[in-house]
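Subject: Structure handover

Hello,

Here is the structure we talked about handing over. Please open it alongside this note; my findings follow below.

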Amino acid sequence: MIINIDRNSGFCFGVLKAIKAAEEYLKQYGSLYCLGHIVHNNKEVERLESLGLKVISHNDLENLFNTRVLIRAHGEPPFTYEIARKNNIKLIDASCPVVLKLQQRVKKSHQEMQQRHGQVVIFGKEGHAEVVGLMGQTDNNAIVIGNDFAGLEKIDFSKPISLYSQTTQDKESYNQLKELLRSRIKTCNCSEANPDDLKAFNTICRQVSDRGPKMAEFATKHDIIIFVSGPKSSNGKYLFEICRSGNPDTYFISGKEELQPSWFVNKQSAGVCGATSTPMWLMEEVAADIQRITKAS
């Protein structure tokens, strides 16, 4: 069987930066606290924990003093930095530069919207680490709308709206939400409503959005696709669906132990790909096990 790994898959720049920072510190000191899971992939988290990484929560952070803590690529809200200053914690800030820039834009928009009695709307997953960080830039006053577009009733369509997106959302759903907001403004029946008061900013990371078309093409070139991702990865769920739409014989797994020999019967080629949170070593491990399974059958 021919087995190809999609070399466009795997860690994005921000995640690579965070993991490299963790590895360098662990190599030098042997242990390091990390605020939340460094990446939405259990296998990679377990690997780093074996090197000395200790995952902590925000509640844990408040009870830590005089130590070092890694901030992952997702970014953090202002109160995290306040706790660190108060507790004499040195932060190893591995926030993705794209996320940091978005935080600055959201903060500025929030200040402008306050003056205009408007609203900041964030298209993203409620409770996601990046969204928590963005909400913190607005004193938690922004309105979060998810992929199901629930929560639209929280928006006052007679007032100005600034729309932003979590960097890992999909472009198609973002555009649908943008048009839905425009439509609601037009049908608001409010004398104050003005379609020009919707300012929409596509802040989806291009490293993420550009992967969709490339992965769709990759999926059509193989008899079977094995998509490797952590089950909690939003980006993983999105890219998996893209693969499956291009190739119905697409399977979602978190590791090689989930592979089923029956999937590969009468198949000549297999493609292995994954999310922006999937390490290349894990995809290579899966590819090697596919080779073992197909040779044995």
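A residue is called buried under 20% relative accessible area, exposed over 50%, and partly exposed in between (1.4 Å probe, protein chains only). This is a predicted model: local features need pLDDT of at least 70, side-chain atom pairs count only at pLDDT 80 or more, and totals for chains, interfaces and linings use all residues. Residues are numbered from 1 along each chain as its sequence is written, and side-chain values use heavy atoms, with hydrogens and water left out.

Overall picture

The chain has 297 residues, and 52% of them count as buried. It holds 11 helices and 12 strands. These are DSSP runs, numbered from the N terminus: H or I of at least four residues for helices, E of at least two for strands. The C-alpha trace spans about 70 × 50 × 25 Å along its principal axes.

Contact means heavy atoms within 4.5 Å. Among contacts in the chain with a separation of 6 or more, 70% join residues 24 or more positions apart.

Largest pocket

The largest pocket has a volume of about 350 Å³. Of its 24 lining residues, C12, V15, T167, T168 and T276 are the closest to its centre. By class, the lining has 11 nonpolar, 12 polar and 1 charged residues.

The terms: a pocket is an open set of points on a 1 Å grid over the protein atoms alone, where a 1.4 Å probe fits, with protein on both sides within 12 Å along at least five of seven lines; lining residues have an atom within 4 Å of a point. Points are joined across faces, edges and corners, and the volume is the space filled by probe spheres set on them. Asp, Glu, Lys and Arg count as charged; Ala, Val, Leu, Ile, Met, Phe, Trp, Tyr, Cys and Pro as nonpolar; the others, Gly among them, as polar.

Salt bridges

How many salt bridges does the structure hold? There are 11, each with a side-chain nitrogen of Lys or Arg within 4 Å of a carboxyl oxygen of Asp or Glu.

Helix α10 contains one of them. R244 and E241 pair there, N to O, at 2.8 Å. They sit 3 residues apart in α10, so about one helical turn separates them. R244 is partly exposed at 38% relative accessible area, and E241 is partly exposed at 40%.

K267 and D249 also pair, at 3.9 Å from N to O. K267 lies in the loop between β11 (250–253) and β12 (269–274), and D249 in the loop between α10 and β11, so the bridge ties together parts 18 residues apart in sequence. D249 is partly exposed, at 29%.

K159 bridges to D156, with the closest N and O atoms 3.9 Å apart. Both ends are partly exposed: K159 at 36%, D156 at 30%. E23, E44 and R47 form a network of salt bridges.

A buried loop residue

Is Q137 buried or exposed? Q137 is buried, at 12% relative accessibility. Q137 sits in the loop between α6 (129–136) and β7 (143–145). Leaving out residues up to four places away in sequence, Q137 touches E76, P77, P78, Q103, V106, K107 and H110.

Best wishes
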